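Please read them alongside the sequence and the coordinates.

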Amino acid sequence: MIRRTSLPEDIRALRRGVAVLITILLLATAYLAKDLVLPIILGFLIALTLSPINRSLQRLGLPASVGAVLLITVTAGAVAAVIFFAGGTARAWSQDIPGILQELRYKLTNVSDAIESVKDASKQVEEMAAAADEGSEAVVVQQAPLLNSVLTVAASTITSIGVAMILALFLLSSGDLFYTKLVQTFQKMSEKKRALSTVYDIERRVSRYLLTITLINAGLGVVVACVLYLIGLEYAYIWGIAAFLLNYVPILGGIVGTILVGVHAVVYFDTLSYALLAPLLYQILTSTEAQFVTPYLVGKRMELNIVAVFLTIVLWAWIWGIAGALVAVPVLLVFKVVCENFPSLYAIGNFLGVAEDGRKAA
């Protein structure tokens, strides 16, 4: 005897299928319209982060528009300072990649035979160095594509940041107008209350998370710069800035920073044993921050499932590259807050969080 499924079950299955299709369409849109979507998301994240501060300024008697201009000016100034101090050095390094690789090969010639991969890479470096020695014209031809690529990425990044800042300025200047318009789109009073509660919950938690993480990253950057300066590493302040930026990417940021600092230390210092001190100290500092400082200051309510964080970073890095990896965690936190405010999505929000006893929810 054939048992027919009930109509509500069919409807629920249909809704799940539609939800999957909508998710796929959203990801495809994000991938294809990166230059449009990314600045918008950055603008909203900046506005969410600065909204509580702007609201505090309003309580002190400062108009929303004036507070918005002040906050965006300070933020833009901080971004410009990072680009000014780090941009020149990064550009010089990008132009001297063949020389850096040649010096790296030379410093690693005395490494034990166990590192076969390094020796294989050294053959390629020798070929690059030999081609570079044939003439300065060849060097110009080889470096031009790389330099053009760097300039293209820099121009695109600056444009995206500029659009995001302008959007954040408009959102902050409007005060609560955006929230009012959002609530007006719903008909029922219960839906209006839930929408308003969700928006304010997102603002409060995302703002607290990003402000806290930014302060933690700034402290980490200062400590990294001071420690590397004390051991004599060149351009220690650049690695402090790098630590500040990379630490927005949990797990992978510390690993990437350790590798980059290690490569630079091997090139700069005379002995390999002393050079390894730099990446070791960098890893100790980032691990201490990740295991003790951030969990204590951020709090369990804003902690996220480490598996979900890793998968989200991988997904958005695949879609948007480095920029995607940087915004992955704030976007995941927003999604978690939305899930926690809607009963039908509560199970997903619970998975994205951590267990009460401190173990990761699974």
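1. C339 is buried, at a relative accessible area of 0%, whereas C226 is partly exposed at 43%. Buried stands for under 20% relative accessible area, exposed for over 50%, and partly exposed for what lies in between (1.4 Å probe, protein chains only). The structure has zero disulfides, a disulfide being a pair of cysteine sulfur atoms within 2.5 Å.

2. The model is predicted: local features need pLDDT of at least 70, side-chain atom pairs count only at pLDDT 80 or more, and totals for chains, interfaces and linings use all residues. Residues are numbered from 1 along each chain as its sequence is written, and side-chain values use heavy atoms, leaving out hydrogens and water.

3. T312 sits in helix α13, residues 306–320 (helices are DSSP runs of H or I, at least four residues, numbered from the N terminus). With 14% relative accessibility, T312 is classed as buried. A polar atom of the T312 side chain is 2.6 Å from the backbone oxygen of A308. Beyond neighbours within four places in sequence, T312 contacts A328 and L332, where contact means heavy atoms within 4.5 Å.

4. Helix α2 (residues 34–59) packs against helix α8 (residues 189–230) at about 95°, the axes being 8 Å apart. Axes are lines fitted to C-alpha atoms, for helices over the stretch in contact, with angles running from 0 to 180 degrees between N-to-C directions. The angle makes α2 roughly perpendicular to α8, a label covering 65 to 115 degrees. Residues making the contact include L45 and R55 of α2 and Y200 and E203 of α8.

Technical notes. Helix = DSSP H or I, 4+ residues; strand = E, 2+ residues; numbered from the N terminus. Parallel < 35°, antiparallel > 145°, perpendicular 65-115°, else oblique. Polar contact = N/O pair within 3.5 Å; in protein donor to acceptor, adjacent residues only side chain to side chain.
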